[in-house]
Amino acid sequence: MGYCFGGAGTLEMARAGTDAVGFVSFHGGLGTPEGQGYAGQDAPVLILHGSADPVSGMTDLAALLDELQEAGVPHEARVFGGARHSFTVWGSNDYDMEADRGSWEALGAFLDARF
């Protein structure tokens, strides 16, 4: 799992075929570099994202979900309405307590389902 750049790195690990129980991205970069993809990955992916994210918008989220669907990767996305990019960063202008708590709860449910 990872937040922001770490969330993008988590998705990079999934595309690279890393053997893991699952992958979770909190407000991470969602774009897939040319020549990369999710083919061969069978571990589930959870995306936790804000609908008002100016870094990776809803178009990026839709494209990612399409890629995961096409590759047959189990996936789920939780979108937090109005949340901006760094909604989990306490003290930042983008902090959103409801989205922060909701994303943590979603992570807990994701982990509970696997362990």
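**Entry 1: terms and model**

I take buried to mean under 20% relative accessible area and exposed to mean over 50%, with partly exposed in between. I note that the model is a predicted one.

**Entry 2: T88**

I looked up T88 and found its place in the loop between strand 4 and helix 3. Its relative accessible area is 15%, so T88 counts as buried. I then listed its contacts, leaving out residues up to four places away in sequence: T88 touches Y3, F26, H27, Y95, D100 and S103.

**Entry 3: salt bridges**

I searched the whole structure for salt bridges and recorded two. Side chains of opposite charge can pair when their charged atoms come close.

In one of them, R15 pairs with E12, and the closest N and O atoms are 2.7 Å apart. Both residues belong to helix 1, which covers residues 5-15, and they are three residues apart, about one turn of the helix. An α-helix has 3.6 residues a turn, so residues three or four places apart point the same way. I asked how accessible R15 and E12 are. R15 has 11% relative accessibility and is therefore buried, whereas E12, at 32%, is partly exposed.

R84 forms a salt bridge with D94, where the closest N and O atoms are 2.9 Å apart. R84 and D94 are 10 residues apart, and each lies in the loop between strand 4 (75-80) and helix 3 (97-112). R84 is partly exposed, because its relative accessible area is 37%. D94 has a relative accessible area of 19%, so D94 counts as buried.

**Entry 4: helix 2**

I checked the length of helix 2, residues 58-71. With 14 residues at 1.5 Å a residue, helix 2 should span 20 Å; its end C-alpha atoms are 20 Å apart, so the two values agree.

Which residues of helix 2 are buried? I found L61, L64 and L68. These residues cover an arc of only 65° around the axis, and therefore they lie on the same side of helix 2. The buried residues of helix 2 pack against helix 1, strand 3 (45-50) and strand 4. On the other side of helix 2, I recorded T59, D66, Q69 and E70 as exposed.

Finally, I looked just past the end of helix 2, where G72 takes a positive phi of about 75°.

Definitions and conventions
Residues numbered from 1 in each chain as written. Predicted model: local features only at pLDDT ≥ 70, side-chain atom pairs only at ≥ 80, totals over all residues. Heavy atoms only, no water. Salt bridge = Lys/Arg side-chain N within 4 Å of Asp/Glu carboxyl O. Helix = DSSP H or I, 4+ residues; strand = E, 2+ residues; numbered from the N terminus. Buried < 20%, exposed > 50% of the residue type's maximum accessible area, 1.4 Å probe, protein only. Contact = heavy atoms within 4.5 Å. Expected span 1.5 Å × (residues − 1). Arc of directions from axis to C-beta.
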